[in-house]
Every structure is written in structure tokens, then in C-alpha cells.
Amino acid sequence: MTIARDHGGGLDAAIKTYGGTRDVWLDLSTGINPVPYPMPRLPAEAWTALPDKGAFDRLYSLARHFWSVPDGAAILAANGASPIIAALPRVLPQGTVYIPGPTYNEHGAAFQAAGWDLGQDPSHAMVAVQPNNPDGHLWQVDDLTAPITIIDESFADVTPDRSMMMRADQPGTVILKSFGKFWGLAGVRLGFAIGDPEIINNLAELLGPWQVSGPALSVGAEALSDPEWADETRARLQADADRLDTLLAGKGAELVGGTTLFRLYKVQNAAAAQAQLAQHKVWSRVFPYDPNWLRLGLPPQDRWDQLEAAF
């Protein structure tokens, strides 16, 4: 069976079904920080010139420092994490990959499209989402023993102490980072692959030159050089996640897990809950493999009233 790529979002389809315009909808179907990093003033050449080596080198140096990347690991930026996920199976020795679930299905779809077998055996390759989407499961280093190990840390910047970056210099290891989630700038389209230099070099060959835009290079560099904003954001996200948990507990929902960017709840009927929220122009996330799981991102600071009124 072919795996379909299933994401949050899809607000246009919700509008078609439930009416309204984008400005009145509160989209909580994704795990994107609702208070994004403030956009810096970009130099003119970020828009008008082809990105040069110096811009990439600056971004990589800042990324290496921000994430404490081991000296022996290589770094590659791309137009979001999705192109990296799609390309990785095509630069690895083909076999069977173990992708513990439930998790988001983009990895499985990418490996399947590249001709890999999906199985339960980690003796060749494994993908671990850390923390996992949607339940927030955190892995232990000893759990990840496959010769080829891909660790997707798209949501890990909320819990930097649990990052697996210390093993990025091990052969066969690749760690993925997504800029859009924690920094709240998904439209910038910036992601990173960090790990085994041979794999990273093969990825670079497949993705080709100028794989990141000039504006994205500039914005990413500014954000990665601002650890104070990151610390303040982690504290705010924790407070807002606690507030959301209190609200949902009062409505009879049971917390299953998640991160401070999204929360996963068990409800009696997730589809019915999604429809009720949609009547109030709040969009949420449900899952085909569990009829009782409802996932909510965090609302912006000025939209809590809309969420509270939707229940």
C-alpha cells in the first residue's frame, strides 16, 4: 500500500467546507510557534544576488555553535526539512527501514517512493522522530543502534537537553533540524541535515547548488545568533502549553503527550471535536490511525478567547 503524505494545514479545504475567510480562522493544526522570531531587515543582496559561499559558511558556523554540532559532523542546509526527507533514501544503501510509529508519515512515503521496504527490523536502517510527532515520545541513545540512523529533531529545539546531536559524528547518522517550527517562520523554508560527511556530501550533490535562498540564509543566521530569544521562547511556550492543558482538561480531554509546540489529547470522538471547533473557525488535527486523538497547536497571544469560546 502506498503511503500518502499527510500533514497539518489544509486550511483552504476547511474554509471550503465550513466557510469564512483565512483571517478569521485560527489554524491550530500545525506545530508552528505562533509568536515567530522577528524578521530582521535584510540586505539588498539577499534578494538580488545568488547566495555565495560566505553566506552558507556563516549560517553553518552559527548552526554548529547553536546546536553544539561535533567537529566531525557535516552540515547541509536546504529549502526546508521536507526536501531532505525526500532525498535521503536515494543517497543511502537500499534495504529495509524501521520507522517506529505512530509517527508522521512523510519518512515512510519517501523511503517507499525510493524503493525501500518498510519493516520492523532495525538491523539496516531506522528513522527516529525525536521528540515524536504526534505523541512527543523521547528516545534514549541506547535505543538507536541501526547502522543507518536518521534522527528527526524537527521539534527538538523546545527540549535542547534531549537532543541527540552528540552522536552526529557517528558513521551512518543523520540528524534533521527544521527552522520553521520553533522559530515560527515556516514560510522561510529552511532545514538542516547534520551528520556523516559522506551522506551529507551525497545529499548536497543530489540537491544541487543554491538550495537555500538568500533571504532564508540571512534570516536563519540572525535567528541562530540569538540564544536569548530562544530561551525566552521556551519559557513562553511551556506556559502556553500548560494553559492549553488546563483548558482541555476542563472540557474532559485527556492529555496523551506532545511537545510545547503541540499537544495531543484523547477525546471521545476526534472527528466530532474537530467539526465542533471548525464551526467556530478553529482548525485542528485528527489522525486516520486513532479516532480519539486530537492534536492542537498553540494560539497566538491575542486569539485565546476564540479557542476558549469554541468548546
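Predicted model: local features only at pLDDT ≥ 70, side-chain atom pairs only at ≥ 80, totals over all residues.
# Notebook: a first look around the chain

**Surface and charge.** Then I looked up the charged side chains and found 23 positive and 35 negative ones. The centres of the two sets lie 6 Å apart.

**Overall build.** Next I went through the secondary structure, and the protein chain has 11 helices and 13 strands. Its radius of gyration is 20 Å, close to the 19 Å that the globule rule gives for 311 residues, so I can call the chain as compact as a globular protein of that length. Along the principal axes, the C-alpha trace spans about 50 × 50 × 35 Å. I also checked burial: 54% of the 311 residues count as buried. For contacts between residues at least 6 apart in sequence, I noted that 67% join residues at least 24 apart.

**A hairpin.** I then picked out strand E9 (residues 254–258) and strand E10 (residues 262–266), which pair in the antiparallel sense over four bridges. How many residues sit between E9 and E10 in their hairpin? I counted three residues there. Across the pairing, leucine 255 of the chain stands opposite tyrosine 265 in E10.

**Arginine 303.** Towards the end of my list was arginine 303, in the loop between strand E13 (290–297) and helix H11 (304–309). I compared its place with that of valine 256: the two are 47 residues apart in sequence and 24 Å apart in space, C-alpha to C-alpha. What does arginine 303 touch, if residues up to four places away in sequence are not counted? I wrote down Asp23, Val24, Trp25 and Leu26.

**Serine 284.** This one lies in the loop between strand E11 (282–283) and strand E12 (285–287). Is serine 284 buried or exposed? Its relative accessibility is 1%, so serine 284 counts as buried, the cut-off being under 20%. I left aside neighbours within four places in sequence and listed what serine 284 is in contact with. Leu28 and Ser29 are among them, and so are Gln274 and Leu277. The list also has Leu294, Arg295 and Leu296.

**Two cis bonds in one loop.** The bond from glutamine 130 to proline 131 is cis, with omega near -5 degrees. The bond from asparagine 133 to proline 134 is cis as well, with omega near 25 degrees. Where is proline 131 placed? I found proline 131 in the loop between strand E5 (125–129) and strand E6 (148–152). Proline 134 also has its place in the loop between E5 and E6.

**Positive phi values.** Serine 68 has phi near 55 degrees, a positive value in a residue other than glycine. I placed serine 68 in the loop between helix H3 (53–66) and strand E2 (74–78). With a relative accessible area of 55%, serine 68 is exposed, because the cut-off for that is over 50%.

Lysine 281 is not a glycine either, yet it has a positive phi of about 65 degrees. I found lysine 281 in the loop between helix H10 (270–279) and E11. At 18% relative accessibility, lysine 281 falls under the 20% cut-off and therefore counts as buried.

Technical notes:
Residues numbered from 1 in each chain as written. Heavy atoms only, no water. Rg over C-alpha atoms; globule rule 2.2 N^0.38 Å. Buried < 20%, exposed > 50% of the residue type's maximum accessible area, 1.4 Å probe, protein only. Contact = heavy atoms within 4.5 Å. Lys, Arg positive; Asp, Glu negative; His and termini not counted. Charge placed at Lys NZ, Arg CZ, Asp CG, Glu CD. Pairing = 2+ DSSP bridges.
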